[in-house]
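Let's take a friendly walk through the aromatic rings and the nonpolar core of this protein. Please have a look at the structure before reading on.

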Amino acid sequence: MTPARIFCHPVITRKQHAQKGKLTLAVAVALAAIGVAVPAVGEPAAAPATQCKNVEVPVKVGTQSGAISGTLCVPDGATTVQLLVPGYTYDRTYWQMPYKPDTYSYVRAANKAGYATLAIDPMGSGASIKPVSVFSTFQASVKTVHKVVRALRSGQLGHKFSKVVGVGHSLGSLTISSAAGQFKDIDALVTTGFTHTIEVAGGPIKVIGRNYSAIFDPKFAGSGLDPLYVTSIPGSRKNFYNAANVDPEIIALDEKHKTTKTLVDLVTGASMYNTNNVDRTLDIPVFVVTGQRDDLFCGFGSTDCASDAQLAAYERGWYGPKATVEAYAPANTGHDITLELGAATTNAKIMDFVDRHVGGAGTKNTRPGVIPEVPAPKPTPLDPIAKAANAAFVRAVLPASDAAVGVADQVPGIGTQQNPVPITAELLRRIGNANNAVLGTLPNEILATL
């Protein structure tokens, strides 16, 4: 039999214990003297704060080089990152609103749940590359988002993430879902303020008709942008909300932080997304979050967004056979869903979805990260080829753009959130899926040119 081991612990006398206490106190005083925080005796050390920094991912669009700019926030131990893509004429501020951040900052909500976030300025907006309009297509924007996903997975930005969740809003939802559908490198998808069909009676007019050339706006005068770069007409941002469900301070900040996008990006995206449905073979978890009062994506030619079940059933038909599609359709909520009064509930439902289907959260309830100042926009170098091609393109397209704005001014507020002919939306879904059955077999390099 193996003899049992007997462990003897030295006896510490009362005098030795007192001397040990004095030594510990002396060390604590010394650390405090050089500025190192020391927790009180008996208190656990506080979890480290979420770390935030501005990052850039180099990209090339047409013949022009630049970067996609964003803010990366990482709680300790996070292995999953949420890539946040805002909508038309929005930048990263949409996701990290400085007003009442415990309610309206999606970034803070995700970081508190233990997830890293990268909120980006999409191509053509904020501090990111602003190629000339002829290069600024929807497919070009999709490819830049794919570059960002690769950077997150490779560790190029200082952290290597094993899982990426794509979270979009409005046009950003279409962009991130298209990137997921084409490149199959996103683990789960959250679309907000979006369905696969637009409210055709008034949706396009409500967007295009409330924008004008950015060079006419005091904020962007002298920017050197070409005339097809647009921004919202002053005072029109309120139309993205249900007026009875929004804090006026949010609308004021929305106006202050508005940015630019090109009409080309919008038109090329709108013409592709429900006629060639690249999501048809996307077999990942999907969470569809659209307000019942969203008058851009709910109504004639689309779905009613009347309930969670109805929204999920409609969007289910646009994704792959193995996709898990869930939905949340908050009542009394308009288009800018995470900035309205129910934002905290919406954010909590999204985090629950990511917890259940993806995981990879780090330390929860860390102190909020300090959001660094968003860098000032950089001019995108203009080479002779880009300049000549864009001049010809603008001469051909700008008159049609001006005409659309003129028509919209005469037809304010048409359309509702109800679709009197539901078969129209179903027909678009069938067309989109059928087209992709053919076009989806083409290489991404060819698809990107369509």
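This is a predicted model, and it holds 9 aromatic pairs.

| Pair | Distance between ring centres | Angle between planes |
|---|---|---|
| Y99 and Y104 | 6.1 Å | 15° |
| F287 and F353 | 5.0 Å | 15° |

In the tyrosine pair, Y99 is partly exposed, at a relative accessible area of 22%, whereas Y104 is buried, at 4%. With planes under 30 degrees apart counting as stacked, the 15° between the rings of Y99 and Y104 makes this a stacked pair.

The rings of F287 and F353 are stacked as well, and both residues are buried. Because F287 belongs to strand β10 (residues 285–289) and F353 to helix α10 (residues 343–357), their pairing ties together parts that lie 66 residues apart in sequence.

Aromatic residues also gather in a cluster formed by Y90, Y94, W95, Y106 and F240. One of its members, Y90, has the charged end of R237 over its ring, 4.2 Å from the centre. Elsewhere, the ring of Y328 has the charged end of K349 sitting over it, 4.9 Å from the ring centre.

Now for the core. Which residues touch the most other members of the largest nonpolar core? They are L72, L83, L118 and L152, out of 99 residues. Helix α4 (residues 138–154) gives the most to this core, contributing 8 residues. Beyond its neighbours within four places in sequence, L72 is in contact with residues including V55, V81, L118, L152 and F161.

Technical notes: Residues numbered from 1 in each chain as written. Predicted model: local features only at pLDDT ≥ 70, side-chain atom pairs only at ≥ 80, totals over all residues. Heavy atoms only, no water. Core = buried A, V, L, I, M, F, W, Y, C linked by side-chain atoms within 4.5 Å. Buried < 20%, exposed > 50% of the residue type's maximum accessible area, 1.4 Å probe, protein only. Helix = DSSP H or I, 4+ residues; strand = E, 2+ residues; numbered from the N terminus. Contact = heavy atoms within 4.5 Å. Phe/Tyr/Trp six-rings, centres within 6.5 Å; stacked < 30°, edge-to-face > 60°. Lys NZ or Arg CZ within 6 Å of the ring centre and 35° of its normal.
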